[in-house]
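Here is a friendly tour for anyone meeting this structure for the first time. Please keep the view open as you read.

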Amino acid sequence: MGANNGKQSGSEGKGSSSISSDLSSSTDQTSTKAPKNAATSEDSDLSLRTVSTPSPALILPPHSSPGVLNGSSTSSSTFGTETIAMVHTPPTSLTHPQRSLRQPRDQQEAPIDILPDHAFLQIFTHLPTNQLCRCARVCRRWYNLAWDPHLWRTIRLTGDVLHVDRALRVLTRRLCQDTPNVCLTLETVVVSGCRRLTDRGLYTVAQCSPELRRLEVAGCYNVSNEAVFEVVSLCPNLEHLDVSGCSKVTCISLTRDVSFKLSPLHGQHISIRYLDMTDCFALEDEGLHTIAAHCTQLTHLYLRRCVRLTDEGLRFLVIYCPSVRELSVSDCRFISDFGLREIAKLEGRLRYLSIAHCGRITDVGVRYIAKYCKRLRYLNARGCEGLTDHGIEHLAKNCLKLKSLDIGKCPLVSDAGLEQLALNSFNLKRLSLKSCESITGRGLQVVAANCFDLQLLNVQDCDVPLEALRFVKRHCKRCVIEHTNPAFF
């Protein structure tokens with residue numbers, strides 16, 4: 001399969017040599033010494049003419065050098081922090097069938113060869129992308145099995161120094177051999193942490209993967225709006241998008257060409273349901289307005305540390321995205337009680353809410369949430385210093401299904417608030433009171449005596465006596481207590 005690609009005519013023949021040259025020229029000057037023996041020289045010449053399995057050197061960082069697999073070696077060169085990856089020849093049995101016939105029989109067959117193909121495929125499904133490429137270089141049988149389309153529903157690449165643009169280009173070209181220019185099986189691409197990913201790599205994915213459903217590019221700060229627009233426009237089935245840490249991304253929308261092609265009756269909506277824009281510092285209310293207007297099916301939205309957002313942006317969100325179930329606006333310092341009033345319009349659909357370190361939020365905003373969002377399961381209000389026992393009381397009496405509550409660093413919450421919580425929130429499983437200065441052992445004992453299903457209690461930096469911690473341990477036997485008391489163990 002790999003050897004045939006080097007014999008294609010026209011532009012395909014030129015493409016095969018260009019891939020080899022692209023993969024072997026990531027620096028301005030790269031030289032390869034000529035081999036001394038004839039057999040090695042023949043392999044070297046063939047590698048310049050043949051498109052074969054993408055080398056693991058494309059996918060592995062420089063410090064992990066690929067080993068020799070069944071006589072076929074993988075090679076990579078490292079200059080400083082630069083990784084030079086090359087396309088190698090196919091397995092020996094693919095290019096030199098006569099050579100394998102001359103080997104003794106006990107060397108040709110290994111016990112693992114007894115396994116049927118379906119067993120190999122089941123094993124290969126658990127391998128990451130780089131290891132799957134290595135397996136493809138072992139022998140002809142493994143080569144054919146490793147490139148089974150069902151194994152390539154997911155591409156997962158990691159590494160700070162990885163040439164991820166090049167790796168995506170080579171992998172998608174190989175996956176498009178049976179269906180030219182289209183990877184019909186590829187549904188998930190995870191390249192989080194690959195800081196060298198650029199718009200060019202996302203263009204490659206967008207143009208070749210019409211069935212893409214999940215894309216994670218967290219921490220890839222070179223990605224811009226244009227590439228994201230291209231992906232959501234060419235991948236209509238995309239449902240999960242993680243662009244956290246992509247500081248250049250300020251909006252999610254369709255490209256202008258695609259918008260013109262869509263009729264008003266069809267609408268200009270994007271099918272994304274899960275969107276994580278954590279640490280997208282440049283996101284503003286206008287950008288959130290555009291996102292909400294296009295991504296009307298959103299159910300999970302995370303906007304942590306999007307510090308430019310205000311209450312106005314949340315108003316747009318609630319208007320266009322009424323199905324939001326999970327929302328995080330933690331560390332958005334301009335969000336206030338007015339923003340919580342808008343969020344409360346989501347009513348019973350809201351299950352998860354994080355407003356941690358939103359210093360402008362007080363009991364007034366929490367009362368809105370408690371009154372209208374009665375099916376709330378999770379609330380993170382850590383660092384909301386305006387929250388008092390009155391807000392906790394409204395929350396406990398209205399949100400009876402509350403399972404997780406974080407009110408750490410809320411200095412105005414005292415034992416009175418914990419008593420109301422204990423008397424009403426019987427389903428509570430996780431409670432964080434870290435650095436709550438007004439909490440004493442009495443409040444903890446009331447909680448332990450009523451919330452038997454408590455599984456996690458955080459009382460770090462709280463001035464609670466040793467007897468109270470032991471009381472909690474006796475009554476909540478499955479509870480993990482996080483504390484800073486060296487006498488309790």
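Across the protein, the average pLDDT is 81, and 75% of the residues score at least 70. Residues 1-52 have a pLDDT below 50, and this stretch has 72 contacts in the model beyond near neighbours in sequence.

## How to read the model

This is a predicted model, in which local features need pLDDT of at least 70 and side-chain atom pairs count only at pLDDT 80 or more, while totals for chains, interfaces and linings use all residues. Residues are numbered from 1 along each chain as its sequence is written, and side-chain values use heavy atoms, with hydrogens and water left out.

## Aromatic pairs

A pair of aromatic rings is described by the distance of the centres and the angle of the planes. The structure holds 7 aromatic pairs; rings of Phe, Tyr and Trp (its six-membered ring) pair if their centres lie within 6.5 Å, and planes under 30 degrees apart count as stacked, over 60 as edge-to-face and the rest as tilted. One of the pairs is tilted: phenylalanine 120 and phenylalanine 124, at 6.0 Å centre to centre with 50° between the planes. These two phenylalanines are 4 residues apart in helix α7 (residues 117-124), so about one helical turn separates them. Helices (H or I, at least four residues) and strands (E, at least two) are DSSP runs, numbered from the N terminus. Phenylalanine 120 and phenylalanine 124 are both buried, with buried meaning under 20% relative accessible area, exposed over 50% and partly exposed in between (1.4 Å probe, protein chains only).

Tyrosine 352 and tyrosine 378 make a stacked pair, because their ring centres are 4.3 Å apart and their planes are at 5°. Tyrosine 352 sits in strand β12 (residues 352-354) and tyrosine 378 in strand β13 (residues 378-380), so this pair ties together parts 26 residues apart in sequence. Tyrosine 352, at 16% relative accessibility, counts as buried, whereas tyrosine 378, at 24%, counts as partly exposed. Tyr274, Tyr302, Tyr352 and Tyr378 form one aromatic cluster.

## Two helices side by side

Which residues of α18 meet α19? They are Asp389, Ile392, Glu393, Ala396 and Lys397, and their partners in α19 are Ala416, Gly417, Gln420, Leu421 and Asn424.

Conventions. Contact = heavy atoms within 4.5 Å. pLDDT = per-residue confidence, 0-100.
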